[in-house]
Amino acid sequence: MLFILSVLITIAAFFVWRNATKQVRQNNIAFRPVARGSILAAGVFGVLALLQCFTQIPAGHVGVVDFFGVVSDNTLRAGINVVNPLANVIKYSIQTQEHKEVMQVLSREGLTIGLEVSALYRLNPDSAARVYKTVAGGDYETIILIPQFRSISRAVAASFQASALYSTERERLGSSIQEELAKTVAPRGVTIENTPIRNVALPTQLTEAIEQKQRADQESQRMEFILTKEKQEADRKRIEAQGIADFQKIVTLGISENLLRWKGIEATLKIAESNNAKVIIV
């Protein structure tokens, strides 16, 4: 509309300038202010009409061209693009966005779990025109992504046990939600990058039972460590005692009566050779 209005004003201003110029020539009078104003208006609105032939797409966006209901399959990339001035350009963000959900889901055993999960997603640039044509108002987040995200999160959580989500299975739950959600929304032009699990709130009784079991497991592991250490210490003492016994046995077998007599003679000789006063009895 702005393009058409600018063109009409430019044409009208041109004719006003032309008529004013003709009157100046015929009557040999000074150049009228109307002529100056009309040529200025023609120039301004002419430039404005020319600018309508260009559109600027911000970084991280694409443009969809709608010419009176005819939508082009070729999207406009970021930057300045030449377009039909009568066409409408709809801009879509292709940047990564986050949608967070806090919901109550049921586990495989029927327990209610508080689940806080996010979806990191972005629009496929090549699918922007199809999204504009097939999704009401082009609002793919509200119509396509969010309902499927909620439904799939509940369905996937129902295949996990609540106790497993307390520790080891949390990452696998996020991966399963991402996989199933990507299968559903990818054909509609939405790319799922990740679905991280922010928090899992288990029932209080189940949490206490899991914590008690973990404490019991830790205590059992501690007692097993103590028993192992005591067993190793007993083995060490047994080996040490066996070594002492073997030593005594070897020494006993090597001592004879003649050896003891010889050792006695050696000791007597050493005492006799000393300078101290002594009495030796043999």
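Reader: Is F67 buried, partly exposed or exposed?

Author: The model is predicted, so local features need pLDDT of at least 70 and side-chain atom pairs count only at pLDDT 80 or more, while totals for chains, interfaces and linings use all residues. Residues are numbered from 1 along each chain as its sequence is written, and side-chain values use heavy atoms, with hydrogens and water left out. Buried means under 20% relative accessible area, exposed over 50%, and partly exposed in between (1.4 Å probe, protein chains only). With a relative accessible area of 32%, F67 is partly exposed.

Reader: Which residues form a nonpolar patch on the surface with about 400 Å² of accessible area together?

Author: Patches take residues with over 30% relative accessible area and no salt bridge, joining like charges within 9 Å and nonpolar side chains (Val, Leu, Ile, Met, Phe, Trp, Tyr) within 5 Å. Areas come from the Shrake-Rupley method with a 1.4 Å probe, and for residues only the protein chains shown count as cover. L86, in the loop between β4 (79–82) and β5 (88–93), is partly exposed at 35% relative accessible area. Together, the patch comprises F67, F68, V70 and L86.

Reader: How many aromatic pairs are there, and what is the geometry of F67 with F68?

Author: Rings of Phe, Tyr and Trp (its six-membered ring) pair if their centres lie within 6.5 Å; planes under 30 degrees apart count as stacked, over 60 as edge-to-face and the rest as tilted. By this rule the count is 2 aromatic pairs. The ring centres of F67 and F68 are 5.0 Å apart and their planes stand at 75 degrees, so this pair is edge-to-face.

Reader: Which parts of the chain does the pair of Y121 and Y140 link?

Author: The ring centres of Y121 and Y140 lie 6.4 Å apart with planes at 85 degrees, so the pair is edge-to-face. Both Y121 and Y140 are buried. Helices (H or I, at least four residues) and strands (E, at least two) are DSSP runs numbered from the N terminus. The two residues are 19 apart in the chain, and the pair links strand β7 (residues 112–123) with helix α4 (residues 140–157).

Reader: Which residues touch the most other members of the largest nonpolar core?

Author: A nonpolar core is a set of buried Ala, Val, Leu, Ile, Met, Phe, Trp, Tyr and Cys residues joined through side-chain atoms within 4.5 Å. The largest such core holds 36 residues, and the members touching the most others are L115 and L173.

Reader: Which helix holds both D235 and R238?

Author: D235 and R238 form a salt bridge, their closest N and O atoms being 2.7 Å apart. D235 is partly exposed at 30% relative accessible area, whereas R238 is exposed at 53%. They are 3 residues apart, about one turn, in helix α6 (residues 204–254).

Note on methods: Salt bridge = Lys/Arg side-chain N within 4 Å of Asp/Glu carboxyl O.
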